[in-house]
Amino acid sequence: MTQINLTRHKIAQQIHTVTLSTKDSNAKLPDVQPLDGQAWWLLGTSGCHLCDVAEETLRLFSSVSPVKVQKVDIADLDEALMQEFATIIPVILTPTHQLKYPFSVVDLQTLI
């Protein structure tokens, strides 16, 4: 398993756990959706202005390219995994690549 696959697997497991705990709890928790293994994941957090810019870049890109993008809030991850990305967000994780910000639509095109 490559490093990217391993990282995506860890993130998916943790998001899955959060999703299950949200469904099993009466507490109002953030709306966390299960992750699509083929989607591109945008790792970021709320209040991150660079994450907002990256999201807009991805929105523009996905309007002309057939990629599904899912946002992942690193605050939903465990401490170790959150710290791994805390100083480098926003980050895109495709099934085979990791791309740190800054990136452009042209950079995203090279990932297809």
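Residues are numbered from 1 along each chain as its sequence is written, and side-chain values use heavy atoms, with hydrogens and water left out. Because the model is predicted, local features need pLDDT of at least 70 and side-chain atom pairs count only at pLDDT 80 or more, whereas totals for chains, interfaces and linings use all residues.

The structure contains two aromatic pairs (rings of Phe, Tyr and Trp, the last by its six-membered ring, with centres within 6.5 Å; planes under 30 degrees apart are stacked, over 60 edge-to-face and the rest tilted). Trp-40 and Phe-61 make a stacked pair, with 5.5 Å between centres and 20° between planes. Trp-40 belongs to strand 1 (residues 40-44) and Phe-61 to helix 2 (residues 49-62), so their pairing ties together parts that are 21 residues apart in sequence. Helices (H or I, at least four residues) and strands (E, at least two) are DSSP runs numbered from the N terminus. Trp-40 is buried at 6% relative accessible area, and Phe-61 is buried at 0%; buried means under 20%, exposed over 50% and partly exposed in between, with a 1.4 Å probe and protein chains only.

Tyr-101 and Phe-103 form an edge-to-face pair, 5.3 Å centre to centre with 80° between the planes. Here Tyr-101 is partly exposed at 24%, while Phe-103 is buried at 7%.

A pocket is an open set of points on a 1 Å grid over the protein atoms alone, where a 1.4 Å probe fits, with protein on both sides within 12 Å along at least five of seven lines; lining residues have an atom within 4 Å of a point. Strand 1, helix 2 and strand 2 (69-73) each give two or more residues to this lining, which includes Leu-43, Cys-51 and Lys-71.
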